[in-house]
Amino acid sequence: MKVYLDNAATTAMDDRVIEAMLPFMKNHYGNPSSVHSHGREVRTAIERSRKKVAELLNASPSEIFFTSGGTEADNTALVCGIETHGIKHAITSPIEHHAVLHTLEVCAQKGNIQLHLLDVNEKGEIDISQLEELLKTYPNALVSLMQANNEIGNLNDLNQIGQLAQAHGAFFHSDTVQTMGHYVHDLKSLPIDALVAGGHKFHGPKGSGFLYVRKDKKIHPFIHGGAQERNMRGGTENVIGIIGIAKALEIAYEDMSGHEAHIKALKKHFIESIKASVPGVEFNGMSGDIDQSLYTVLNVSLPPSEANAGMLLFNLDLAGISASGGSACSSGATVGSHVLRALNHNPERDSVRFSFSRFNTIEEIDYTVEKLKELYAVEV
Ligand SMILES: Cc1ncc(COP(=O)(O)O)c(C=O)c1O
């Protein structure tokens, strides 16, 4: 049996997305910047996709910019947000994705900003009062806090953070790569200045993404060149990617609560069966709390075991199960997970992130837990 439980890394494309993209590979190949009919029909399709994304997020099409993915969108929001608005202080957390952390570190190394990292507890939770203190000390800062952590599934309350940021004149960016297409985003009511998406996390194509920037917080472009994306991103558009990401988001919104219910049931079943099968199992971050974590992610911390030490992912792979992880240690070939290190996770315990999608089944979960039970049976 082959089981794919690495959906936070990337997802399988939905057939309907592929079908929507195909005509733009075969027939509609014009350059959208060309003024002839071949170009115009493609331009129209791009603008239709932009309108669709904007409608789903309750935003204006002029606030949506297509990018090559979440990383580029994060880089654009952070680097250009700081530069455009003359920001001198940035506040983030040590468990952000590297697309945010490394970008802000480079800005700090260049002397453009001073970087402030919030503390996280052993569950990976930030302290909102520490954020408030920093915002009082450094008004007009940039705040970058992800909606959901890609490794441990912790959720941040964007409303609460956004209101605080707004009250202190801060520019609020959130890395929403793991939540876009999985939760509703109503950008008319959410106090947020910039958020991002990567199409391949919700059954769209890789290399597709978008950035939302609130109208009254406009930023300069990150990539200079032609006038594409209303002068915000030079370069001939990834037309098939744009068609694909808009279609994928449309499908995600069609039955979001149905997908959520299905995936939550899988996660709940996983938690219950592994607890019954592997003594000493724990869950990293908040991921074991079904109502307080991203429903697509479960980060399992397994008791120290000689047979599996450093080999767990490999052993799972041999059994046909694809998941991802990384220990907290920084020795050997793998540099480990900066997120688990920030949580002071015991490096003796192996951790695996299982992440689910609407394409997974209960049989796949049963098979995976059964394999984990076998792998750990020798020592219990
Ligand atoms: C939280 C988070 N931010 C950013 C990214 C990068 O997105 P992309 O692969 O679309 O560049 C990822 C993907 O792993 C992610 O999980």
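Guide: There are 18 salt bridges by this rule: a side-chain nitrogen of Lys or Arg lies within 4 Å of a carboxyl oxygen of Asp or Glu. The model is predicted, so local features need pLDDT of at least 70 and side-chain atom pairs 80 or more, while totals for chains, interfaces and linings use all residues. Residues are numbered from 1 along each chain as its sequence is written, and side-chain values use heavy atoms, leaving out hydrogens and water.

Start with Asp 14. Its salt-bridge partner is Arg 358, and the closest N and O atoms are 3.1 Å apart. Asp 14 sits in the loop between strand 1 (3-4) and helix 1 (15-26), and Arg 358 sits in the loop between strand 13 and helix 12, so this pair ties together parts that are 344 residues apart in sequence. Helices (H or I, at least four residues) and strands (E, at least two) are DSSP runs, numbered from the N terminus.

Is this pair buried or exposed? Asp 14 is buried, at 5% relative accessible area. Arg 358 is buried too, at 17%. Buried means under 20%, exposed means over 50%, and partly exposed is in between (1.4 Å probe, protein chains only).

Now move to Glu 237. Its side chain meets that of Arg 43 in a salt bridge, 3.2 Å from N to O. Glu 237 lies in the loop between helix 7 (228-231) and helix 8, while Arg 43 belongs to helix 2 (residues 37-57), so the two tie together parts 194 residues apart in sequence. Glu 237 is buried, with 7% relative accessibility. Arg 43 has 25%, so Arg 43 counts as partly exposed.

Stay with helix 2. Arg 50 forms a salt bridge with Glu 229, and their closest N and O atoms are 2.8 Å apart. Arg 50 is in helix 2 and Glu 229 is in helix 7, so the pair ties together parts that are 179 residues apart in sequence. Arg 50 is buried at 2% relative accessible area. Glu 229 is buried at 5%. Shared partners then join Arg 43, Glu 47, Arg 50, Glu 229 and Glu 237 into one network of salt bridges.

Go back to Arg 358, in the loop between strand 13 and helix 12. What does helix 12 hold? Ile 365 lies in this helix, and Ile 365 is buried, at 0% relative accessibility. Set aside its neighbours within four places in sequence. Ile 365 is then in contact (heavy atoms within 4.5 Å) with Leu 5, Leu 266, His 269, Phe 270 and Phe 356. Ser 144, by comparison, is 34 Å from Ile 365, C-alpha to C-alpha, and 221 residues away in sequence.

Finally, check the length of helix 9. Its 22 residues (256-277) should span 32 Å at 1.5 Å a residue, where the expected span is 1.5 Å times one less than the number of residues. The end C-alpha atoms are 31 Å apart, which agrees.
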